[in-house]
Amino acid sequence: MIIIFMILLIFPLVGIIGLVSIAIRKKKCTELVEAEVIRLEVSHDSDGSNSYHPVFSYSYGGESFEVRDSFSSSFCRFNVGDYVELYIDPYNPKKFYCPKETIHQIIFYLIFAAVGALVMVAFFKIK
């Protein structure tokens with residue numbers, strides 16, 4: 001019973017940790033830059049579907065950066081050649097958040113946490 005509770009607890013915790021990390025990244029990333037989507041990297045999932053990671057190129061402080069977004073999606077929200085606004089961490093310019101992506105991440109983590117919490121409640125009501 002305790003093991004099942006611990007497993008079910010992981011889902012809301014992952015959702016909460018994801019939301020907190022977005023808030024921290026948003027607080028640290030204060031410098032606005034214009035970035036270009038230079039390619040889309042495809043990850044092949046175990047179920048045979050594909051996930052897309054946009055790779056952004058931008059300059060900051062006279063230096064060029066090419067950074068792959070860690071958040072992927074099964075549908076592509078960007079096209080190669082698109083320009084997007086990114087907010088970067090001035091102390092670590094490879095860290096960024098993309099307002100266009102952030103809403104999708106927030107929705108993902110909220111759903112993840114809510115579903116996990118609902119499964120926990122349903123499980124313990126049945127017991």
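Which residues of the largest nonpolar core touch the most other members? Before getting there, a quick word on what you're looking at. This is a predicted model, in which local features need pLDDT of at least 70, side-chain atom pairs count only at pLDDT 80 or more, and totals for chains, interfaces and linings use all residues. Numbering starts from 1 along each chain as its sequence is written, and side-chain values use heavy atoms, with hydrogens and water left out.

Now the core. A35, F56, Y58, F78, V84, L86 and F96 are the ones that touch the most other members, out of 13 residues. A nonpolar core here is a set of buried Ala, Val, Leu, Ile, Met, Phe, Trp, Tyr and Cys residues joined through side-chain atoms within 4.5 Å, and buried means under 20% relative accessible area with a 1.4 Å probe, protein chains only. Two or more core residues come from each of β1 (31–44), β2 (50–60), β3 (63–68) and β4 (83–89). F96 makes contacts (heavy atoms within 4.5 Å) with, among others, R25, C29, F56, Y58 and L86, leaving aside residues up to four places away in sequence.

Step back to the fold. The chain reads α-β-β-β-β-β-α along the sequence, where helices (H or I, at least four residues) and strands (E, at least two) are DSSP runs numbered from the N terminus. The five strands make an open antiparallel sheet ordered β3-β2-β1-β4-β5; strands count as paired if DSSP finds at least two bridges between them. At the edges sit β3 and β5 (92–97), each pairing on one side only.

Follow β1 through its pairings. Eight bridges tie β1 to antiparallel β2, with R39 opposite V55 and E36 opposite S57. Five residues separate the two strands in their hairpin, where G48 takes a positive phi near 90°. Towards β4, β1 has six bridges, again antiparallel, and E31 is partnered there with I88.

For the chain overall, 30% of its 127 residues are buried. Among contacts with a separation of 6 or more, 59% link residues 24 or more positions apart.

How far to trust all this? The average pLDDT, the predictor's confidence in each residue from 0 to 100, is 82, and 81% of residues score at least 70. Where pLDDT is low, the predicted coordinates should not be read in detail.

Definitions and conventions:
Buried means under 20% relative accessible area, exposed over 50%, partly exposed in between (1.4 Å probe, protein chains only).
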